[in-house]
Amino acid sequence: MFLLPSLVGVFLFMTPVSVNDTLTIPVAVLAKGLLGQMDSLGVALVTFVIVASAVMTLVTKLAKPAVILNHPFANNLLNVTPLWAATRVMGAVFVLLTFFSVGPEAVHSGDTGGLVLNDLAPLLFCVFLFAGLFLPLLVNFGLLEMVGTLMTKLMRPVFNLPGRSAVDCFASWVGDGSVGVLMTSKQYEQGHYTEREAAVIGTTFSIVSITFSLVVIGTVGLEAYFLPFLATVCLSGIVCAIVVPRLPPLSNKKDQFVNGQSRTGDEEVIPAGENSFSYGYKLALARASKIKSAGDVAREGVHNAIDMIFGVLPVVMAIGTAGLIVAEYTPLFSILGAPFVPLLELLQIPEASAASQTMVVGFADMFLPAILAEGINSDVTRFVIAALSVTQLIYMSEIGALLLGSKVPVKLWELCVIFLLRTLVALPVIALMAHLIF
């Protein structure tokens, strides 16, 4: 009960496989396979889901039907706060305007709503479907208890996090950051992470995949430097993971579980006469023994998928589109990037003025800095921009919106501050590495 489902989960979420010379994971292969089969129907399906989510949320808030309020899962999904109800409605408005190409071009153009609806949302739908269905294999059968016990001696002193968070990180790195957010949210809901731990893991360890890193470095024309680029991203990411959680707002988060209880520290103590492996194995068997039936596991998987598809996709559409509109049609990010010019000059980064415009625009979408960097001549500057865009981590067209739509306890203003802190901490590290490489 512990070994077989856990091994299947490891295979699906954490085993790198090569498909068409691209490194990915089986869950992503399934998602892209389904996406290919749906073809143009994917956009129509996503549009229906986002509109249905908004309509059902409004009906729940206004009519308060007993059939929904008395059902725990439906009530949790649809009876949301007024702010999230408004966000879902905004997502529905954006998706309808984009789908039918009506209204302001700023909403439905290929660089804003069209990018989110046509390129991102259908893929996220497929990822959420398979990741949600299969996630119980990874988290419910004892694997996290086993790995958590073994990794605590590293994760606790270095990052002040439980050992099981290493699994979130690895699943994100070889697979997709959205998988890491989904795992973190579910672990927080199940009482395995405190508020502080969930916020730190969600904003620090839900890193982008190796595959996307390769796309970014290819966009700036530096594919030959992929391994040094990957090493730079890892180093700067580790420095950020050590420094940023020790600063507000993450350091101000409470070390309380979702039920209000505080972490005592006894949860990770290995009893006398046990070692990390033997105790982890016992905890894993104890966790696996709680599984009563395959039906319960399947039901939880379906709930996971529905929760992410109906709860998060509207948020991605609303916040992702709004962020891209700001990036494309206002000078806000250029203005915010201007203060970085002296810092870039101090770090001896060529074309500092042009590079400064990319410093903050990544908050809207991680790919925007790499696109803007294409017109910069300096290899050093393009390398720095590419590495920083990946290390900044929080971008509102996907990860930021996913975090806000999930149960991970973070607010929009906190994500803005964390983004800026990661930028300031990572930039000197990346600049140093760039000067060493070039």
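Is Leu-368 buried or exposed? Select Leu-368 to begin: with a relative accessible area of 10%, Leu-368 is buried, where buried means under 20% relative accessible area, exposed over 50% and partly exposed in between (1.4 Å probe, protein chains only).

The model on display is predicted, so local features need pLDDT of at least 70 and side-chain atom pairs count only at pLDDT 80 or more, while totals for chains, interfaces and linings use all residues. Residues are numbered from 1 along each chain as its sequence is written, and side-chain values use heavy atoms, with hydrogens and water left out.

**First stop: Leu-368**

Leu-368 belongs to helix H20 (residues 368–373); helices (H or I, at least four residues) and strands (E, at least two) are DSSP runs, numbered from the N terminus. Display next Leu-324, Ala-327, Glu-328 and Val-361, which are in contact with Leu-368 when its neighbours within four places in sequence are left aside. Contact here means heavy atoms within 4.5 Å.

Select Phe-13, Phe-229 and Leu-313, the residues with the most contacts inside the largest nonpolar core, which has 125 residues. A nonpolar core is a set of buried Ala, Val, Leu, Ile, Met, Phe, Trp, Tyr and Cys residues joined through side-chain atoms within 4.5 Å. The largest share of this core, 15 residues, is supplied by helix H8 (residues 113–139). In soluble globular proteins, nonpolar side chains tend to be buried together.

Centre the view on Phe-229. Beyond its neighbours within four places in sequence, Phe-229 is in contact with Ser-213, Ile-217, Phe-383, Ala-386, Ala-387 and Val-390.

Now colour H8. Of its 27 residues, 20 are buried, so H8 is largely enclosed by the rest of the structure. At Leu-120, H8 bends by about 40°, and a proline, Pro-122, follows within four residues. The bend at a residue is the angle between axes fitted to the seven residues ending there and the seven starting there.

**The second largest pocket**

Select Glu-145, Arg-164, His-192, Glu-267 and Leu-283: among the 22 residues that line the second largest pocket, these lie nearest its centre. The elements giving two or more residues to that lining are helix H9 (143–159) and H15, and H9 gives the most, with 6 residues. The volume of this pocket is about 500 Å³.

On a 1 Å grid over the protein atoms alone, a pocket is an open set of points with protein on both sides within 12 Å along at least five of seven lines, and lining residues have an atom within 4 Å of a point. Grid points are joined across faces, edges and corners, and a volume is the space filled by probe spheres set on the points.

Thr-152 is in helix H9 and is buried, with a relative accessible area of 15%. Not counting residues up to four places away in sequence, Thr-152 touches Pro-157, Gly-163 and Glu-268. Tyr-281 lies in helix H15 (residues 276–288) and, at 40% relative accessibility, counts as partly exposed. With its neighbours within four places in sequence set aside, Tyr-281 is in contact with Phe-2 and Met-146. Tyr-281 is also 131 residues from Leu-150 in sequence, with a C-alpha to C-alpha distance of 9.7 Å.

**Arg-196**

Arg-196 lies in helix H12 (residues 195–204) and is buried, with a relative accessible area of 8%. Among the residues that Arg-196 touches, not counting those up to four places away in sequence, are Arg-156, Asn-160, Lys-253 and Asp-255.

**Cysteines**

How many disulfides does the model have? The count comes to 0, a disulfide being a pair of cysteine sulfur atoms within 2.5 Å. Select Cys-240, which is in no disulfide; the nearest cysteine sulfur, that of Cys-234, is 12 Å away. Cys-240 counts as buried at 0% relative accessibility, whereas Cys-416 counts as partly exposed at 29%.

**Backbone details**

Most residues other than glycine have a negative phi, and most peptide bonds are trans. Pro-248 and Pro-249 are joined by a cis peptide bond, with omega about 5°; Pro-249 is in the loop between helix H14 (226–243) and H15. Ser-101, not a glycine, has a positive phi of about 50°. Finally, select Gln-348, also not a glycine, with a positive phi of about 60°; Gln-348 is exposed, with a relative accessible area of 61%.

Key: On a 1 Å grid over the protein atoms alone, a cavity is a set of points where a 1.4 Å probe fits but cannot get out, and a pocket is an open set with protein on both sides within 12 Å along at least five of seven lines; lining residues have an atom within 4 Å of a point.
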